[in-house]
Amino acid sequence: MTSTVLLDEINCNCFLAELYSPVERERGDAFQTWSVTCTCQDGFVGDGITCYDLDFCAKGSCCRQGYGWSSELGCVDVDECSLPDQPCSPPQVCENTPGSFNCLVPPEDDLHSSPGDSRSVQFQCGGRQCPVGEDCISVGGSSLCADPCLHYSVLNDDWRSTTNYGPANGYHCDSSVNWQGWYRLFLGNTSVQMPERCVERYMCGTEIPLWLPLAHPQLLDGVVQRSVCGHYYYDCCYWRQNPIHVKACYGNYYVYKFVPTTTCNMAYCADVNTTVCSTCGVFDACVRDNETTWNVRGKVTPELVCGRSLLKVGLPNVYLEAAGLDASSAHLADGRCSAHEDHNGSVWYQVERREGLCGNTLETNTTHAVYSNSLLVYPVDGRNVSRPFGFPFSCVYPLETESLVRVGAKAKASMSLYRDSNYTQPYPAGQPVTLIAGSSLHVGVSIEESEAERFVVVLEDCYTTESPSPDNLPRTYMIQDRCPTNRTQVTVEESGSSHRASFSALLQGEYRYIFLHCSLSLCDQGSSSCTPVCSRRRSRSVSKSIRLKPLTIGPIICKYFTLVMTYIVYELIYCRGFGPKCRVVGK
């Protein structure tokens, strides 16, 4: 048995039917169930919800990008993933979406995955593939791969609040909004997020409030796709809207890439209950205790040790227990790095001081190198159902003189004089070296630095003086401004390509005892080329580098030979009757 009511007579006809079993009706325990059927009127085609004028749309002006026209169905989605030229490169997986597609990156493991599908989405930009976590964003008028957490628009509409009743304050709709890029939700001056729970109909200043049926992503998930539900009739997810993209950002906030809704009145909600999350500190986490209540979990202060070769972070057991955190669930930015040990009342985690290892990042300027990572710890109730506490940490190492690894721990910069151009047999260190003036000096320098692939050593200036002080004058330069002063007498074998540098030069000078001084610099080849390009003895600019104090070796004893020349004078004597005769006179 059914009862039918006509709902709409504009471009489509919709009928609401109440369904029930006669037996259930007779017993009196029937649940009320509704069914809605919509069809397009004559002269229109579509799915009954969206109807297209056949005459008008036949001209090709109705369908948005990513859709094609069908005279029977209207605007239908183009499945880019089924085209001969696949838009995604292996190992990415192409996923068709309404009007577009996603290139999904399969996760290395599921240790740090959020509930639901948290595969990262990668975008294309100007013919190149953006790194995970970035999107093709307009920055300064140009489309670039950029982090949406740093490039977003503020969406501050108080009517989006989950407490705003639409019928009393007017309906709003997001179907005609020209969404551009990424958005961060605010209520007043407080950052909030979309609700992860069913929102009552007519709330959020609209008729059909939109919410996320799956949890927000985690920091490590990058950009993910999330489905959107709309509450209509008695079904919290009666409307399943076109999916949106979401990203978790450091600082306990999220950014969203919204798309127009399929119809009115629908609008994206802002959960007023998440305003408390804006009070989270850098070591806090915003945790949902129930459907509507969010709280900031207790702050945990980590201990940090910045060593010469290791970065160590420790969490006191007493704080872990108080915050309800499971130390065994923790891992660094790379979920595979989870080794830990219990020592002196704290649980310690460590990572080698090397860029890229366990998610380490490295930033440099002219004075310091900063290594950063994050420790993620999950509540005791399980890592797969809760967001982790994030503990970002950084170690700052001054890049000055010989302090290359940390304050108080000197890296070893050394310079040696070698017997030949193979640079394999050095002269004994700390002992005078005697060489013949005019012979070749073979000089090699090296620096101990764990970032072998990042920093290289560059020869800046090399010169000799008669004093062990590099500041004394006069100086006889062999290398100046990274380039040989005389290419016929000085050859730079290596500079700006590794932790070693070497050159050979003819020994010159007017003094019996000389000292050789070389000033070096560390160059970050992650920024640009560090190899000097010499033109007319001057080097062109190389990437930013850090000057180090000069190294000195000596004394070098110059041995000079006094050449005594004997002039042979031949005197031709003409003697009568004897012919010519030579008399040798030595002078």
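**Disulfides and an open sheet**

In this predicted model, a disulfide joins Cys-204 to Cys-269, with 2.0 Å from S to S. The torsion about their S-S bond is about 115°, so this disulfide is right-handed. Because Cys-204 lies in the loop between β17 (190–191) and β18 (208–211), while Cys-269 lies in the loop between β22 (266–268) and β23 (286–288), the pair ties together parts that are 65 residues apart in sequence. Both Cys-204 and Cys-269 are buried.

The structure holds 14 disulfides, and another one of them joins Cys-149 to Cys-249, where the S to S distance is 1.9 Å. This link is left-handed, with -85° about the S-S bond, and it connects distant parts of the chain, since Cys-149 sits in the loop between β14 (142–146) and β15 (153–155) and Cys-249 in strand β20 (residues 235–249), 100 residues apart.

Turning to the strands, four of them form an open sheet in the order β33-β35-β40-β39, with antiparallel pairing. The strands β33 (413–418) and β39 (490–494) stand at the edges, and each has a single partner strand, so one side of each is left without a neighbour in the sheet. From one strand to the next, the twist averages 20°. Within this sheet, strand β35 (residues 440–447) and strand β40 (residues 500–506) run antiparallel and are joined by seven bridges, and Leu-441 stands opposite Ala-505 in β40. In general, strands of a sheet pair through backbone hydrogen bonds.

Technical notes. Residues are numbered from 1 along each chain as its sequence is written. This is a predicted model: local features need pLDDT of at least 70, side-chain atom pairs count only at pLDDT 80 or more; totals for chains, interfaces and linings use all residues. Side-chain values use heavy atoms; hydrogens and water are left out. Two strands pair if DSSP finds at least two bridges between them. Helices (H or I, at least four residues) and strands (E, at least two) are DSSP runs, numbered from the N terminus. Axes are lines fitted to C-alpha atoms, for helices over the stretch in contact, and angles run from 0 to 180 degrees between N-to-C directions. A disulfide is a pair of cysteine sulfur atoms within 2.5 Å. Buried means under 20% relative accessible area, exposed over 50%, partly exposed in between (1.4 Å probe, protein chains only).
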